[in-house]
Amino acid sequence: MKLLVICQYYYPEPFRISDICEALVERGHDVTVLTGLPNYPEGSVLDAYRGGKNRKEVINGVNVIRSFEIGRGNRKATLLLNYFSFALSASYKTLLMKEKYDAVFVNQLSPVMMGIPAMVYKKKHNKKMLLYCLDLWPASLTAGGIQKDSRIYQLFSHLSTWIYRSADQIAVSSTMFQSYLNDTIGVNSSAIVHLPQYAEALFTEQVEVDKGKQFHFVFAGNIGEMQSVDTIIKAADVLRNDASIQFHIVGDGSKLEECKALSKNLGLKNILFHGRKPLNEMPNYYSLADAMLITLKDDAELSSTLPGKVQSYMAAGKPIIGAINGETSEVIEAAACGYCCEAENASALANLIVQFCQHSEKEQMATNSYDYYCKNYSKERFLAVLEETLIKMEV
């Protein structure tokens, strides 16, 4: 197939869509990506893409077209400008596109507005649109402090409903998304397919690491408002006198400096911040971990999300310890690969970490984690479902 993929984020930004597109090329498809200017998670556009540079690239066989956008910055006002600047500029590009594609595939993270350029292309060329919902809108706004009765929430509610209902098919990364889209948005259940994420192959790599005599607990990923990484720091504070436990935070994001400041103010010696690392270095940190950590804000709507790091943790064959509600908690329990407590409960998270250290079947948890990944989240399964959905749409 000849595919137009639309996503505001793409390489060198750390999102799985790059791997998906390259895999589709390997399977014989012609893939063009319409994306923005790399600025995530730092907030400012990378120098290599300023001033009109590198607006068209070919990356590992994928044609990449970059549309103008304003950097995310570190304030809500600039983030809103970032969201709408891409939606508008990318829509203008699709309006001018003369090349015809067999279908449009939207990799929808936040914001949902990245679906608008796809709608423009769909209407102009009478093609079908598959939207892969990874962040549920407007539900995810409540975790950012926006009230459901506010005007801005109502605005995005109408906008989200318009975009979701415009898709011919919606793939969802979490089972809990299905009922929300069906009951709240009004999307017909026959138009929804469950498509959980997979992990890149490198996460299965094992690296020899000197762990010493300590237990190591690693959080890897974005450090933002939704991830509640401060819960891990507070748990580290509870366990500050246990010299056998060491915490590692690997990643970057809008809350990194705040988390560092909290750790410093508490005088913690048992937590290390490693910053953002290239993808190919991540197996080193995963191999260091006795267990991986996952946290999320205590928000009813946000809890329906299954963060992509769950698949990465499982692919690496690692036990998972979480302070998180909803879908992720259910998956950890179903896989019997770790422990979970309620979101934002630092003392409960600390207790689970101690419990894990004392557990005699850590290796069984690790085995369960990898086995569950292979049965439910493999890359081959993902690509097979994705291809089947796209091909059916073409017909």
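This is a predicted model: local features need pLDDT of at least 70, side-chain atom pairs count only at pLDDT 80 or more; totals for chains, interfaces and linings use all residues.

Residues are numbered from 1 along each chain as its sequence is written, and side-chain values use heavy atoms, with hydrogens and water left out. Helices (H or I, at least four residues) and strands (E, at least two) are DSSP runs, numbered from the N terminus.

**Stop 1**

Start with the 8 strands that form an open sheet in the order 3-4-2-1-5-6-7-8, with mixed pairing. Two strands pair if DSSP finds at least two bridges between them. Now select 56–59 and 192–194: these are strand 3 and strand 8, the edges, each with a single partner strand, so one side of each has no neighbour in the sheet. From one strand to the next, the twist averages 20°.

Next, pick residues 128–133 and 169–172. Strand 6 and strand 7 run parallel here, joined by 4 bridges. Show L130 and you'll find Q169 of strand 7 opposite.

**Stop 2**

Axes are lines fitted to C-alpha atoms, for helices over the stretch in contact, and angles run from 0 to 180 degrees between N-to-C directions.

Then bring in helix 5, residues 175–185: its axis and that of helix 4 come within 11 Å and cross at roughly 105°. That makes the two helices roughly perpendicular (the label covers 65 to 115 degrees; under 35 is roughly parallel, over 145 roughly antiparallel and the rest oblique). Show side chains for Y153, T161, Y164 and R165 of helix 4 and Y180, L181 and I185 of helix 5, which make the contact (heavy atoms within 4.5 Å).

**Stop 3: helix 2 against helix 3**

Select 76–96 and 116–125. The axes of helix 2 and helix 3 come within 8 Å and cross at roughly 20°, so these two are roughly parallel to each other. For the contact, show A87, A90, S91, T94, L95 and L96 on helix 2, with I116, P117, V120, Y121 and K124 on helix 3.

**Stop 4**

Move on to the open sheet of 6 strands, ordered 11-10-9-12-13-14 and paired in parallel. Strand 11 (271–275) and strand 14 (338–341) are the edge strands, each pairing on one side only. Select 245–250 for strand 10, which pairs with strand 11 in the parallel sense over 4 bridges. F247 stands opposite I271 in strand 11.

**Last stop: a pair of rings**

How many aromatic pairs does the structure hold? There are 16, counting rings of Phe, Tyr and Trp (its six-membered ring) with centres within 6.5 Å. Zoom in on F15 and Y40: the ring centres are 4.8 Å apart and the planes at 55°, so the pair is tilted (under 30 degrees is stacked, over 60 edge-to-face and the rest tilted). F15 lies in the loop between strand 1 and helix 1, and Y40 in the loop between strand 2 and strand 3, so the pair ties together parts 25 residues apart in sequence.
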